[in-house]
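Student: Can we go through this protein together? I'd like to start with the sheets and end with the cores.

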Amino acid sequence: PLDKPLRLVRDGDSASLWDEEHLVAEAVPTEFSLTVPAAPSFAQAEAASRSFIGFNDHNFSTCFVCGTARPAGDGLRIFPGATGKGLVAAPWVPDASLADAAGEVLPEFVWAALDCPGAFASETRSNGGVIVLGRFQVELVSPVRAGERCVAIGWPLGEEGRKVYAGTAVYGEDGRLCGLAQAIWIEIVATAAA
């Protein structure tokens with residue numbers, strides 16, 4: 001829920017977020033293994049971004065990460081498009097407002113940059129259903145600097161029923177891996193009113 005106070009409960013390295021007595025989210029330490037594809041160049045990511053399907057039809061046009069209804073300077077504006085090599089890619093130049101005093105982008109914004117490319121990597125499915133994030137595992141490897149010409153990528157890892165699996169990564173301007181993630185997305189199924 002938005003515009004409503006939520007209760008954060010910490011328990012050692014774990015945390016949970018509650019809306020009154022309803023669990024909204026959980027965070028726990030995790031380990032995972034993921035083979036990450038090489039990143040396309042920044043120019044290739046710019047070219048891929050021009051084919052972002054969200055420019056024509058976007059279920060969440062005000063999304064902080066990939067929302068097309070957000071003006072420049074508001075949100076991350078990561079628009080991943082198909083590269084023709086089994087992944088989506090987008091350029092990302094983080095604004096100084098996302099960084100700490102030393103110029104390093106805050107971890108929560110790198111996590112955000114790792115989110116949406118996974119959804120669009122899987123949006124080539126023929127049924128065009130809406131998917132929302134269900135589980136997200138992230139490893140931050142190297143700091144991202146404000147103003148750095150980064151590339152965000154996403155690739156499909158499979159499907160199982162309404163579950164869609166995807167991997168994502170963010171690469172720095174010098175080609176270093178800055179962060180990687182794997183996610184489980186859940187397809188929302190509309191039900192008829194009784």
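Tutor: What follows is a walk through strands, a few single residues, cysteines and cores.

Student: Okay. What kind of model is this?

Tutor: It is a predicted model, where local features need pLDDT of at least 70, side-chain atom pairs count only at pLDDT 80 or more, and totals for chains, interfaces and linings use all residues. Residues are numbered from 1 along each chain as its sequence is written, and side-chain values use heavy atoms, with hydrogens and water left out.

Student: Which strands make up the open sheet, and in what order?

Tutor: The order is β1-β2-β3, with antiparallel pairing. Strands here are DSSP runs of E with at least two residues, helices are runs of H or I with at least four, and both are numbered from the N terminus. Two strands pair if DSSP finds at least two bridges between them.

Student: Which strands sit at the edges?

Tutor: β1 (7-11) and β3 do; each pairs on one side only. Neighbouring strands of this sheet are turned by 25° against each other on average, direction ignored. That angle is between axes, which are lines fitted to C-alpha atoms (for helices, over the stretch in contact); angles run from 0 to 180 degrees between N-to-C directions.

Student: How many bridges join β1 and β2?

Tutor: They pair over 5 bridges, in the antiparallel sense. Leu 8 has Leu 17 in β2 as its bridge partner.

Student: What sits in the loop between β2 and β3?

Tutor: Glu 20 is found there, between β2 (14-19) and β3 (22-27). Glu 20 has a positive phi of about 55°, although it is not a glycine.

Student: Is Glu 20 buried or exposed?

Tutor: Exposed, because its relative accessible area is 57%. The cut-offs are under 20% for buried and over 50% for exposed, with partly exposed in between (1.4 Å probe, protein chains only).

Student: Next, β5. Why is β5 largely enclosed?

Tutor: Because 5 of the 5 residues of β5 (residues 88-92) are buried. Val 88, Ala 90 and Trp 92 point one way, Ala 89 and Pro 91 the other way.

Student: Which strands does β5 pair with?

Tutor: β4 is joined to β5 by 2 bridges, and the two run antiparallel. In that pairing, Ala 82 stands opposite Val 88. β4 and β5 form a hairpin with 5 residues between them, and Gly 84 in the turn has a positive phi of about 85°. β5 is also joined to β7 (residues 150-160) by 5 bridges, again antiparallel. There, Ala 89 stands opposite Ile 153.

Student: New topic. Where is His 58?

Tutor: His 58 is in the loop between α1 (42-49) and β4 (81-82). His 58 is buried, because its relative accessible area is 15%.

Student: What does the side chain of His 58 reach?

Tutor: It reaches the backbone nitrogen of Ser 61 at 3.4 Å. The side chain of His 58 also reaches the backbone oxygen of Cys 66 at 3.2 Å. A polar contact is a pair of N or O atoms within 3.5 Å; within protein, one must be able to donate a hydrogen and the other to accept it, and residues adjacent in sequence count only if both atoms are side-chain atoms.

Student: How many disulfides are there?

Tutor: The search of the whole structure finds 0 (a disulfide is a pair of cysteine sulfur atoms within 2.5 Å).

Student: Last one. How many residues are in the largest nonpolar core?

Tutor: 24 residues, and Leu 76 and Trp 92 are among those with the most contacts inside it. α2 gives the most to this core, with 4 residues. A nonpolar core is a set of buried Ala, Val, Leu, Ile, Met, Phe, Trp, Tyr and Cys residues joined through side-chain atoms within 4.5 Å.
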